[in-house]
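Please look over the structure shown below before reading on.

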Amino acid sequence: MHEEEPAATDYSTSSSSCALVGDTAQEEPGSVTPSSPQIPRGVCSPPIAMASSESSQCHAGSSTEEEEGAGLSQDKDARQMRIDAFRKDKLDKIVLLLLQKYQRNEQITMEEVVHMVDHDSPDDFPVIFREICECMRLDFGIIIKEVDSRAHAYELFSTLGLTYSGILDDTDQIIPKGDLLILILSLIFLRGNHISEEHLKEIVRHRKVLAERAHIAFEDAWKFIREDLVRAEYLAYQQVPTSDPAQYEFLWGPRALTETTKMKVLEHAIMLDEEDPRA
């Protein structure tokens, strides 16, 4: 299993990592695309053919521009619908397979990724691959980095060091569960190395991601925290000293202290806040 110290280049400028760029970003000049579905080497960026086509016809008549604009808008809407369907139907399964590769310290090839995605529209693959890279990086602190450009082979490097073994062994809410673990470790650190049970309950209960993104019920999220994470020793659950009546709190468990550090978790939280304040 590979662990990589967090660095700014890991997140944005490394030529060998999955650089996450916006939908309007362009490929670097002279980049080489391996094979269909086309993906720039080591970079998760979308195709630029559409942008180039639009630019070359910028002096066409107004009616033509309107027609082309409508067509481009429809294409964009259709693509977004396909990406949303991918998120709903396949992303959790692919994340699980990538986590298993990471835990076994195995490489993954672009051919395997294409097979896992199994998407009807090859033109969508660069966007989908970027979506996968983004999910692994933001939700699990794992970077997908190209290590063999000839074989199109990738390795998964962790900036956090968390293994997730034993707590994310199926696709049942795998992404929000990964989010919750990192969130709670961050909260415990930022609140003086402990957080009360009642305060954590309120945070989890009102966290918008539970309803808007993950569709995970509070009861399921709390069971994962109170039972699974405590059993796996990512969290420690204990009575607050001298509390009467008894109150309880969460601390980092021995496994969290072994696998990661408070500075790595803090740096990941800062990175999330800078790149996506909603996180």
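The briefing below goes through helices, a pair of strands and some loop residues.

This is a predicted model, in which local features need pLDDT of at least 70 and side-chain atom pairs count only at pLDDT 80 or more, while totals for chains, interfaces and linings use all residues. Residues are numbered from 1 along each chain as its sequence is written, and side-chain values use heavy atoms, with hydrogens and water left out. Helices (H or I, at least four residues) and strands (E, at least two) are DSSP runs numbered from the N terminus.

**Helices α5 and α6**

- Helix α5 (residues 110–117) packs against helix α6 (residues 125–140) at an angle of about 100°, and their axes, which are lines fitted to C-alpha atoms over the stretch in contact, are 11 Å apart.
- The angle, taken between N-to-C directions on a scale from 0 to 180 degrees, makes α5 and α6 roughly perpendicular to each other, a term that covers 65 to 115 degrees.
- On the α5 side, Met110, Val113, Val114 and Val117 meet Phe125, Ile128, Phe129 and Ile132 of α6, where contact means heavy atoms within 4.5 Å.
- The residues of this contact divide into eight nonpolar, no polar and no charged, with Ala, Val, Leu, Ile, Met, Phe, Trp, Tyr, Cys and Pro counted as nonpolar, Asp, Glu, Lys and Arg as charged, and the others, Gly among them, as polar.

**Helix α7 and what follows**

- Helix α7 (residues 174–190) has 17 residues and reaches 25 Å from its first C-alpha to its last, close to the 24 Å expected, which is 1.5 Å times one less than its number of residues.
- Because 15 of its 17 residues are buried, α7 is largely enclosed by the rest of the structure, where buried means under 20% relative accessible area, exposed over 50% and partly exposed in between, with a 1.4 Å probe and protein chains only.
- Gly192, which comes after α7, has a positive phi near 90°.
- Asn193 lies in the loop between α7 and β7 (195–196); its phi is positive, near 75°, although it is not a glycine, and at 35% relative accessibility it counts as partly exposed.

**Strands β5 and β6**

- Strand β5 (residues 142–148) has five of its seven residues buried, so it is largely enclosed by the rest of the structure.
- Six bridges join β5 to strand β6 (residues 153–158), and the two run antiparallel; strands pair if DSSP finds at least two bridges between them.
- Glu146 has Tyr154 in β6 as its bridge partner.

**The loop between β8 and β9**

- Thr242 lies in the loop between β8 and β9, and it is exposed, with a relative accessible area of 83%.
- Pro245 lies in the loop between β8 (235–239) and β9 (248–252), and the peptide bond from Asp244 to Pro245 is cis, with omega near 5°.

Conventions. Angles under 35 degrees count as roughly parallel, over 145 as roughly antiparallel, 65 to 115 as roughly perpendicular and the rest as oblique.
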